[in-house]
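This report considers charged pairs and the nonpolar core in one protein model. Please keep the structure in view while reading.

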Amino acid sequence: KDDEAPPFNYRWEHVQAVAALALHLAQVMGADDEIVEAAAWLHDICKGQPNHGVAGALQARAILGQTDFPPSKIDAVAQAISVHVGLYRAPEAAPLQPPEAAILWDADKLSKLGVQALAYNMSMSFMRGLTLTQRRANLREYTEGVLARTVASMNTFEAGVLAQARYQAMLDTLTLW
């Protein structure tokens with residue numbers, strides 16, 4: 001039927017969340033919101049392809065080059081997209097530069113933290129066939145293992161505060177469960 005809502009689409013939900021988070025961080029930090037917004041909407045345009053960050057940067061250049069987006073900002077969008085990949089960075093890594101690249105990375109990871117991330121992960125294909133006890137154990141292991149490193153990898157102070165709050169909400173939810 002035409003009036004039926006489309007099924008849940010994680011990729012679309014993720015991109016919308018990244019765009020909102022990135023714009024919030026850009027406003028708080030005084031970064032270029034045009035660069036941040038374009039990078040956020042296009043950051044996963046080549047998701048599923050090998051080296052999707054670099055591939056996405058090339059695709060973003062092509063797309064933005066055909067629009068009225070300021071040509072002087074296209075390189076910054078592409079650069080931010082090219083370095084947004086990965087769930088965490090090495091502990092000794094310096095924050096990404098310029099700020100717009102740091103903001104995109106942080107916003108992308110923030111979207112993977114929080115109670116809504118637990119709900120999404122519950123529906124992943126690798127969870128099929130697992131008992132609720134097994135699912136909870138799996139989520140706790142992932143949260144405490146991988147996502148703890150994600151929180152520690154935030155580039156900006158502002159994102160670090162949000163990441164810690166979202167992470168704590170995940171831990172609290174898993175404990176209540």
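## Salt bridges

The model, which is predicted, holds seven salt bridges. One of them joins the side chains of arginine 11 and aspartate 44, with N and O 2.7 Å apart. Arginine 11 belongs to helix α1 and aspartate 44 to the loop between α2 and α3, so this pair ties together parts that are 33 residues apart in sequence. Arginine 11 is partly exposed, at 29% relative accessibility, whereas aspartate 44 is buried, at 8%.

Another salt bridge links lysine 73 and aspartate 32, at 2.9 Å from N to O. Because lysine 73 lies in helix α4 and aspartate 32 in the loop between α1 and α2, the pair ties together parts that are 41 residues apart in sequence. Lysine 73 is buried, with a relative accessible area of 17%, while aspartate 32 is partly exposed, with 21%. Asp32 and Lys73 also belong to a network of salt bridges together with Glu34.

## A buried pair

Aspartate 108 and lysine 109 form a salt bridge in which the closest N and O atoms are 2.6 Å apart. Aspartate 108 is buried, at 4% relative accessibility, and lysine 109 is buried, at 1%.

In soluble globular proteins, nonpolar side chains tend to be buried together. The largest nonpolar core here has 44 residues, of which Val77, Ile81, Leu110 and Leu113 touch the most other members. Helices that each supply at least two residues of this core include α1 (10-29), α4 (71-82) and α8 (157-176). Helix α5 gives the most, with seven residues.

Leaving aside residues up to four places away in sequence, valine 77 touches Ile35, Ala38, Ala39, Leu64 and Phe69.

How values were computed:
Residues are numbered from 1 along each chain as its sequence is written. This is a predicted model: local features need pLDDT of at least 70, side-chain atom pairs count only at pLDDT 80 or more; totals for chains, interfaces and linings use all residues. Side-chain values use heavy atoms; hydrogens and water are left out. A nonpolar core is a set of buried Ala, Val, Leu, Ile, Met, Phe, Trp, Tyr and Cys residues joined through side-chain atoms within 4.5 Å. Buried means under 20% relative accessible area, exposed over 50%, partly exposed in between (1.4 Å probe, protein chains only). Helices (H or I, at least four residues) and strands (E, at least two) are DSSP runs, numbered from the N terminus. Contact means heavy atoms within 4.5 Å. A salt bridge is a side-chain nitrogen of Lys or Arg within 4 Å of a carboxyl oxygen of Asp or Glu.
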